[in-house]
There are 2 protein chains.
Amino acid sequence: MTGEFARAAIVSVGNELLFGETVNTNAAWLGRALAEKGIAVSCGYTVGDSRTSIQDAVWRATRSADLVLISGGLGPTEDDITRNAVADLFERPLQSNEKLLAKLRDRFHAHGYREFPETNLSQVEVPEGAIVLDNPNGTAPGLAFEEDSTLVVMLPGVPRELHGIFLGDLSALLEEWLGDRMAPVHHRMLHTTGVPESRLAELIEEAISSDSAFASVLSEVSLAYLPDLRGVDLRITSRSVSTEEAKASLDRAEEELDTQIARWRYHAISGDIVESVSDALKDLGLMLAVAESCTGGLVTKRLTDHPGASTSFVGGVIAYDDSVKVSALDVSQQDLSQFGAVSEVVAIQMALGASKRLGSDVGLAVTGVAGPGGGTKEKPVGRVWFAVVLNGEERTCSVDFLGDRDAVRERAAQAALAMLLRTL
Amino acid sequence: MTGEFARAAIVSVGNELLFGETVNTNAAWLGRALAEKGIAVSCGYTVGDSRTSIQDAVWRATRSADLVLISGGLGPTEDDITRNAVADLFERPLQSNEKLLAKLRDRFHAHGYREFPETNLSQVEVPEGAIVLDNPNGTAPGLAFEEDSTLVVMLPGVPRELHGIFLGDLSALLEEWLGDRMAPVHHRMLHTTGVPESRLAELIEEAISSDSAFASVLSEVSLAYLPDLRGVDLRITSRSVSTEEAKASLDRAEEELDTQIARWRYHAISGDIVESVSDALKDLGLMLAVAESCTGGLVTKRLTDHPGASTSFVGGVIAYDDSVKVSALDVSQQDLSQFGAVSEVVAIQMALGASKRLGSDVGLAVTGVAGPGGGTKEKPVGRVWFAVVLNGEERTCSVDFLGDRDAVRERAAQAALAMLLRTL
């Protein structure tokens, strides 16, 4: 199979995908990851844990694509038959790989197993002539071999294992194998939070129609709006073949867009506003303490998702029950009764309490009605109060969020971090 | 295509599915909806907005299935080419349908449109001999016709429109057309945590080979292992036509499997162990407080993911920095220095401190090394200590978890909840 640019086919294996018990997020993830590399997916197959179905789909895929990614069915159990089915299809006998065996033994011993589970032996078997792709997050490695000038790759179905292999060994292999046949695509992400997609689109379209310079710069790139519960990312894409040209047009586009979105924009390589918050705290040499009610630990969880958070985060108090707001955060029982837990007064006292009790420079507090129950006419579901205290200064704000419990909690945690970042 | 039971194939159309900009939830939804009717999906195809790709996939699907569901590409815009591609493939000329035209006109007038958008005219075109399936939620109807004793159905890709048509006209059509050939599928999920997939498989395979009663009961059903970071679900499936028989064989299989997995099993309709923990606390009338270090709020976050958690959860202290372990949880500074934060002594004091300070019956504590940094020879990355205190009784355990920071935290939070559940 040849052509100017490489084309890929994806074969997803698993009865749970056919029965719909699992949504096939792997295929979407691979589609995006390949598109970023400039490899287009031309078709996808979903098959059950059946030898003939797997072989039929893989055989068809290899005849129409330069790259075939097969995901799922590499686990240690009986219903994991992809390895054998594919090895037999291409008449590549399976051979036990000594390095893998040793690695797997170590892994299990590290895990405190005396004896090595027989069932895992299948995971060290490698089709003749196949390259082993390291799995940083599990026991089943990726396997790759060339067949009729098509690269055939087997990946485990567990998302984080599939991601780990793709971003590691497989990326390197694809560069080496298809490097000259990838249609270059250059992306840049601008992150915003606290503004709806429709409002952003409106502002940008107004600028395009009213400002010809803005319009011509934007015409060099394509713009995608990627909204989720935490905010809206703008993805600028240049398809210019020269990397320098691409960088130049992305720079120009970013500069123009910034005039419209600066208010809501934050800078984070990871895309996570926690990165910006953490950087700001470090730069200012400030320590943070958090008091959460409705978000129930989501803010502190996010703050500690990234290693090294400890350098600027001391800890938090999850004051889910009002009694804890009083006992652990010194919130006034009288104010609680008078103004209620979801109020500006209580938010401030929570932030002060966290900062004082845990010994930090900055205190951040979130208290609200996550729903589905607990809403009133005065305080509807989605109403959330935020407070930040820093050197005696107090900042507060309240937002009425839309959506179900998860959405309200996710949006509230993000808004709390955004408010903290702006205060800093 | 014939056979005892009807088999379906799904063809999903749309570039956005191949590029991964949209996750293919329609295929999963159709898979579940068909499984409930007793129609098994035997394979799925995903193709882009390309005439030849659509025709190729549909043609293959019709040769292997009794029912072919095609979703996407029925909209009014240029890239919606499914209707034409499929009509041409089976040489069924498109004819404008008067009823549909009238209905669409009314709809647009109802929406306040003076003139009727030309672009929508394609949506009233019906392949010769096709049945029109009413779309309660949009303008593009479903279309169905028989081809070589296979039922071919086209559905719009907008989820709520696809759902509406399936649950309405299409369900009726399927009953009528395949009623006698639907094989009901009965599933049951058994949830386990704290044991690797390979170990479960080993135990069950041993029981099968050593215990003929066990083996014969298991032979009536099929068994699938569904692992993730939180544990391994066992899915037992019976395809017996009689619901009573199916229930009986699922009961027998569950009973036998329970002899092997009881130690690690928990019961939760949602599949989330938090449900079991919450139920146990309510039954015992106990209130819980949590102290977290390495999990940084993940345990409390999970406890509050579900509404009504407040009835048995007072709150938590996220003692990320050691100073907070002392100031907010009364951990002894001397023990911290002597044994370190990741130790049995400190875990117990954290659990006691949370319970005392926040005023609860039960205290749960987690302290460990999430990594990537912070590991030592004595205390490697992944080492986590857990403690539960309840009426003066103390339970502790420590586990060395594998994986990256996210994995260690996710597994540690799950293990903490599992330990709490077992103590209760």
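S96(A) is partly exposed in this predicted model, with a relative accessible area of 44%; by definition, buried means under 20%, exposed over 50% and partly exposed in between, with a 1.4 Å probe and protein chains only. The model is predicted, so local features need pLDDT of at least 70 and side-chain atom pairs count only at pLDDT 80 or more, while totals for chains, interfaces and linings use all residues. Residues are numbered from 1 along each chain as its sequence is written, chains are lettered from A and ligands numbered from 1 in the order in which they are written, and side-chain values use heavy atoms, with hydrogens and water left out.

**Surroundings of S96(A)**
- Strand β4 (residues 94–96) of chain A contains S96(A); strands (E, at least two residues) and helices (H or I, at least four) are DSSP runs numbered from the N terminus.
- Beyond its neighbours within four places in sequence, S96(A) is in contact with V124(A) and E125(A) (heavy atoms within 4.5 Å).
- A distance of 8.1 Å separates the C-alpha atoms of S96(A) and S122(A), which are 26 residues apart along the chain.

**The sheet**
- Twelve strands form an open sheet of mixed pairing, in the order β6(A)-β7(A)-β8(A)-β3(A)-β1(A)-β2(A)-β2(B)-β1(B)-β3(B)-β8(B)-β7(B)-β6(B); two strands pair if DSSP finds at least two bridges between them.
- At the edges stand β6 (131–133) of chain A and β6 (131–133) of chain B, each with a single partner strand, so one side of each has no neighbour in the sheet.
- β6(B) and β7 (residues 142–147) of chain B run antiparallel and are joined by three bridges.
- L143(B), in β7(B), is the bridge partner of V132(B).
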